[in-house]
Amino acid sequence: MTKTEQLTATPFHTYHVDQGAKMVNFAGWEMPLLYGSIIEEHLQVRRSGGLFDVSHMGRLRFTGKDACNVLDHLCTRQILGMQDGQIRYSIVCNAHGGCRDDVLIYKIKDCEYLMVCNGANREKILKHIDDNRCAYVFKLKDETESTAMIALQGPKVMDVLSKVSSEIKDLKRYRFATKHLLIAKLLISRTGYTGEDGVEIILPAKFAKKVVDMMLSNMEDPSVILPSGLGARDSLRLEAGMPLYG
């Protein structure tokens with residue numbers, strides 16, 4: 001990276017710095033690698049709960065009459081037949097069957113879907129979509145920088161979140177629901193990539209820090225969910241035997 005290039009900051013950048021995070025360049029984003037110890041953050045998630053900033057991941061919204069059809073064309077998993085509020089994990093392949101990225105597809109409603117892709121692959125996936133538009137009629141909106149995304153992972157996370165909303169605890173794996181908190185609309189999914197139970201939350205970037213501060217301040221025991229960096233996220237994923245593109 002040259003001196004003139006600027007890293008993209010997530011809406012939680014100030015929070016990371018205040019918590020003493022070691023910040024690193026990850027795919028053009030300034031992200032927290034660790035706050036103190038990767039091992040301790042790893043064990044915190046396994047024992048109780050951790051909060052990960054995953055705002056660098058791509059969030060791409062597909063709308064229009066062929067939104068489902070183009071996703072069926074792009075993905076190895078069948079998208080046709082998904083229910084509203086359902087999520088499917090899939091692979092996006094090149095013409096030779098090689099993996100371009102692994103993604104999550106959210107069905108919002110008929111003719112509206114959300115794709116979450118890895119941050120390092122967002123530009124490549126956007127180009128791949130553009131190269132494979134064919135005659136499909138759809139609109140694509142990159143919402144990555146207008147939204148934020150966090151992952152709350154660990155065995156005690158769902159109990160904490162049930163005090164915010166009882167319906168969150170009732171969410172099934174790979175399902176999502178929307179909830180309004182203050183004036184922000186949250187998309188809460190029972191997903192994660194650590195091998196632990198928990199949720200991932202997508203919310204408007206401009207309200208992100210305020211909403212998360214409010215959620216954390218309502219915890220009876222603040223030590224139940226502590227910030228965790230990308231280092232622990234990788235070690236947790238490896239321990240659980242979950243693949244990662246590249």
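This is a predicted model: local features need pLDDT of at least 70, side-chain atom pairs count only at pLDDT 80 or more; totals for chains, interfaces and linings use all residues.
Residues are numbered from 1 along each chain as its sequence is written, and side-chain values use heavy atoms, with hydrogens and water left out.

We begin with the sheet. Helices (H or I, at least four residues) and strands (E, at least two) are DSSP runs, numbered from the N terminus. Two strands pair if DSSP finds at least two bridges between them. Six strands make up an open sheet with mixed pairing, in the order 11-12-13-10-4-14. Its edges are strand 11 (176-181) and strand 14 (226-227), each of which pairs on one side only. Helix 7 packs on this sheet and touches strands 4, 10, 11, 12 and 13; contact means heavy atoms within 4.5 Å. The direction of helix 7 makes about 140° with that of strand 13, where axes are lines fitted to C-alpha atoms, for helices over the stretch in contact, and angles run from 0 to 180 degrees between N-to-C directions. Within the sheet, strand 4 (residues 50-53) runs antiparallel to strand 10, joined by four bridges. Gly50 stands opposite Gln153 in strand 10.

On a 1 Å grid over the protein atoms alone, a cavity is a set of points where a 1.4 Å probe fits but cannot get out, and a pocket is an open set with protein on both sides within 12 Å along at least five of seven lines; lining residues have an atom within 4 Å of a point. Grid points are joined across faces, edges and corners, and a volume is the space filled by probe spheres set on the points.

The largest cavity has a volume of about 70 Å³. Helix 7 (208-217) gives at least two residues to its lining, as do strand 10 (147-153) and helix 5 (157-162). The largest share, three residues, comes from helix 7.

What is the volume of the largest pocket? The value is about 520 Å³. Of its 26 lining residues, Met57, Asn118, Tyr193, Arg233 and Leu244 are the closest to its centre. Helix 8 gives the most to this lining, with four residues.

The second largest pocket holds about 290 Å³ of space. It is lined by 15 residues, and those nearest its centre are Arg61, Glu143, Lys185, Leu187 and Ile202.
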